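I opened my notebook to record what I looked up, entry by entry. The sequence and the model come before the notes.

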Amino acid sequence: MRFYRLLLHLYPRAFRSEYGEEMCSDFAERLRRASGPLARMALILEAPFDVLPNAMGVHWDLLRQDLRHMSRSHARAPGLAVTAILVTALGIGANTAVFSITDQVLLRPLPFPDSERLVKLWQHEPGYTRMELSPPNYLDWKRMSSSFEAMAAYYDFSMNLVGQGDPVRVETAVVEADLFRILAVPPMMGRTLVAGDEGVAPPAPRGSRTPGAIVIGYGLWQGLFGGSTDVLGRTVRLDDRASTIVGVMPPDFHFPDPSTELWTALEFTPDESFEDRRNKLLQVVAKRRPGVSIDEARAEMAVVTEGLERAYPEENEKTRATVISLRDEISVQARLLLAALFGASICVLLIACANLAHLLLGRGIERRKELTVRTALGAGRERLVRQLLTESLTLAVLGGVAGLFLASLLLPLLGQLAPATLPVARETMLDPRVLAFAALVTTLTGVGFGVLPAIRSSGGFEVEGFREGGREGVGGRRQRLRSALVVGEVAISVALLIASGLLIRALLHIQAIDPGFQTSDVLAVQTPLSTARYEKTERRAELYGRVLSEARSLPGVRSAAFTSFLPMVVQGGIWEVSIPGLSDAQDVPPTASLRFVTSDFFTTLGIPLRSGRDVRESDTFETPLVSVVSESFARRYWPDRDPIGQRFGFGLAERTVVGVVGDIRVRDLEKTSEPQVYLPHRQVQDRWLLGYAPKELVLRLEPGIDRAPILAAVRKVIHEADPELPLSEVRTLEDVVDGQTAPRLIQARLVSAFASLSILLSGVGIYGLLSFAVSRRRAEIGLRMAFGARSSDILKMVLREAALLAVLGCSLGVTLGHAAARALEAILAGVGAGDAITYALTATVALAMTLAGSLVPALRAVRFDPVQCIRAE
Amino acid sequence: MVHDPADIDALLPLPEATFHILLALADSDRHGYAIIQDVSDRTSGEVTLGAGTLYRSIQRMLEQGLIVETRDRPAPELDDERRRYYRITPFGAAVAGAESRRLARLVRLARARGFSPKTA
């Protein structure tokens with residue numbers, strides 16, 4: 001019987017208390033009359049099949065009843081329902097959208113089997129925690145360590161692919177075949193790379209012309225080969241080498257990042273650049289053996305690297321290994337940025353819930369009589385709570401559906417916040433995980449804003465509800481709860497305002513940073529030289545000379561030059577500087593960024609020449625090797641001497657300083673960069689440093705001139721100089737610099753939108769609370785006026801209440817906001833967590849919001865007619 | 001007592017359990033277990049109402065006004081004090097009548113097409 005009683009708990013309580021006893025005695029009677037143990041057993045087995053569907057049916061009947069009731073009552077006054085749906089839609093939409101990106105970037109496992117065992121390895125050296133590995137160090141690490149099941153090296157490279165029609169530029173990963181074994185993602189078609197496919201990849205496998213294997217990505221397969229199934233075995237030219245397509249990867253395979261579309265094999269050629277322990281170019285991914293923790297792997301790598309430091313004390317000085325989980329390959333800033341957004345969206349939802357709780361509390365009081373009648377008619381409290389919760393949940397579900405629609409509008413914007421360093425797609429979508437989250441948030445929201453009002457409205461008014469004057473005093477319990485909700489709302493919105501204010505200030509601060517070069521009217525065009533055809537320095541010089549002389553004579557072009565990389569686009573290319581007599585005990589590593597340039601580069605970018613001269617076309621490999629250095633370079637190494645004429649070792653040779661130019665920000669706007677060294681493009685040996693061969697054509701244009709005809713003319717000039725040279729990545733330097741702050745801009749906009757929304761909702765909250773309080777106190781106000789209180793007294797009385805709430809909320813909010821700001825400090829770009837301007841502005845906005853919210857109710861109170869107020873009693 | 005035909009039609013066709021309960025209450029007031037027994041006896045055990053089905057139907061029938069809970073108790077020696085007794089209302093009787101007419105019409109239609117109950 002106990003079993004049967006337990007089963008009956010599936011029914012709503014009201015039903016159980018009505019029929020439970022009888023059902024039990026019926027069941028007992030049947031058991032008693034059953035003909036034998038088998039028949040009894042059959043009865044017991046049958047019972048769940050009788051109870052379960054019927055219990056669900058009873059629930060369903062109640063739900064339909066409540067929904068009918070609800071739709072009738074909301075049809076009479078749709079304002080509340082519409083407001084509630086809108087507010088929940090905003091809250092749930094914001095949360096769902098932000099969750100989808102947070103989930104993709106921070107939470108869900110990477111799309112590789114056993115992804116928790118995947119790690120990334122970096123060299124840790126003075127000044128750099130994550131430096132690429134040199135090939136010999138990599139090979140030693142691999143040989144000497146036992147924590148890893150497999151280890152594979154790779155690097156990114158852009159290559160020209162000629163397969164179908166015009167040459168295209170393809171982001172390529174040059175990888176060891178083992179990489180595919182580590183990632184363990186099977187190809188969609190064909191095979192992945194295997195040992196023995198080596199021998200085709202740059203840099204410069206001299207003499208090798210054997211067709212090598214390449215694997216292409218889904219996007220390239222669809223885009224360039226139209227998804228054709230006979231693509232396997234097709235021969236294409238990759239940077240002028242014949243290569244054979246052996247496999248196609250599935251659409252969700254992105255490694256090392258979503259821009260990569262082609263994988264070719266990495267070869268360790270016995271050449272200088274692959275034997276040099278200072279040539280740091282390899283990224284390394286490895287899979288820990290099962291049972292080996294990341295700390296054990298770190299400990300082992302520490303021993304390995306100490307051994308290598310002893311063996312190569314000069315090149316590996318203080319060089320250790322950084323071992324981090326592949327999942328954590330994301331910057332602190334990106335993490336904080338998402339955390340801040342997620343926090344802000346949750347705040348909006350909390351405020352939305354508080355506000356809706358308000359509305360429902362208010363409505364619950366209006367409905368007291370209805371609910372009292374129902375109680376008198378025998379509806380239990382549980383039944384009323386159920387009805388009210390059904391109502392709030394239904395509103396939340398409707399809001400949730402609208403919220404999903406809103407989220408789908410926000411997603412493309414948020415997708416841009418996914419850091420480019422993660423091997424996951426940049427598009428986010430409403431997949432089952434996100435939908436499950438939305439469902440959870442919707443339920444929590446429905447219960448969250450419904451439960452308090454439901455409990456409050458359903459309890460304890462058997463008698464009181466009938467008394468017309470049955471109201472709370474100002475400090476009554478209900479009123480206190482509502483006041484607490486308003487204080488909470490104000491506090492959260494003030495905290496959000498502070499956060500968004502600081503983020504905006506940080507953004508403005510960064511936008512105001514001088515990058516060291518002029519961004520306006522500079523156009524950059526990438527001309528990806530094929531490394532095979534342009535491996536000779538003089539061959540390149542010919543091309544530059546021809547293109548530049550024609551480009552410079554184009555109308556509207558003031559100057560033109562070639563450079564290795566655009567600032568902020570390529571942040572690497574950092575080399576060690578050696579200076580005779582320089583002490584080793586430096587607190588900053590002696591490094592500088594290396595760029596080869598043609599003459600006029602500094603004029604084109606507006607980088608000021610401080611002393612000496614520009615590089616010249618006459619600076620060739622036969623003339624003394626020279627360089628132009630940045631001010632910080634000169635200051636660091638020759639603080640009290642004229643830098644012109646000084647000598648230093650850099651970029652595989654000894655160079656003499658002939659000019660000093662202004663500093664620029666090479667890495668990004670927010671970080672001071674290493675000092676810069678510019679080398680004449682002709683002063684490099686054939687086939688050396690091919691990755692640095694200038695391929696960015698930069699053009700300074702007449703201000704405000706139409707770019708399209710100039711670009712067309714430049715295209716023609718380049719095509720005439722080399723018909724096989726593709727033109728990719730046309731952009732202005734303004735785009736480049738603006739791109740630096742794009743994620744911040746999106747984040748600041750979103751957080752500000754969330755903050756505006758929440759402050760607006762708080763204003764509505766204050767308005768709602770005071771309107772309610774004022775109307776409940778009509779009689780009291782009427783009496784006061786009858787006894788001679790002036791309008792200004794009444795106004796003061798109402799405003800005082802609002803001010804009290806605002807002050808309480810603000811002080812709580814400032815404390816919260818300051819704590820949030822401290823947590824965000826790493827992305828505030830130097831704006832202090834206690835930034836006075838932000839706090840002052842926030843206080844002003846909060847005050848204005850309070851005033852706006854309380855003015856209408858206060859004025860209404862002033863206009864009460866005392867006689868009518870008292871008569872209404 | 002005249003009932004609005006529209007009220008009656010809105011309830012048709014009746015769920016099988018509801019119809020059986022109305023039939024069981026046609027001749028006397030009964031409590032739940034007696035209804036189960038009556039249905040089972042009349043159908044020679046072919047229809048056995050589970051308690052779950054019975055009380056869900058009763059709850060709905062009370063709301064629809066097909067039956068009422070009666071305060072008249074049977075003779076003390078027959079009364080089971082723990083139990084509640086249900087009685088068919090005039091409206092319930094009208095609905096049961098309408099349902100049986102509906103079923104009869106259906107059977108006539110089937111016969112006209114050559115489906116004899118004996119061969120079915």
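I began with Ile67(B) and found that it stands opposite Ile88(B) in β3(B), in a model that is predicted. Strand β3 (residues 85-88) of chain B runs antiparallel to β2(B), and four bridges join the two; I noted that strands are DSSP runs (E, at least two residues) numbered from the N terminus, as helices are (H or I, at least four), and that two strands pair if DSSP finds at least two bridges between them.

I then looked up the whole sheet, which is open and has three strands in the order β1-β3-β2 (chain B) with antiparallel pairing. Its edge strands are β1 (30-31) and β2 (67-70) of chain B, each of which pairs on one side only.

Next I turned to chain A, where the axes of helix α19 (residues 733-776) and helix α21 (residues 791-824) come within 11 Å and cross at roughly 145 degrees; axes are lines fitted to C-alpha atoms, for helices over the stretch in contact, and angles run from 0 to 180 degrees between N-to-C directions.

For confidence, I noted that chain B has a mean pLDDT (the predictor's confidence in each residue, from 0 to 100) of 87, with 93% of its residues at 70 or more. The model scores ipTM 0.86 and pTM 0.72.

I wrote down that residues are numbered from 1 along each chain as its sequence is written, with chains lettered from A and ligands numbered from 1 in the order in which they are written.

Technical notes:
Predicted model: local features only at pLDDT ≥ 70, side-chain atom pairs only at ≥ 80, totals over all residues. Heavy atoms only, no water.
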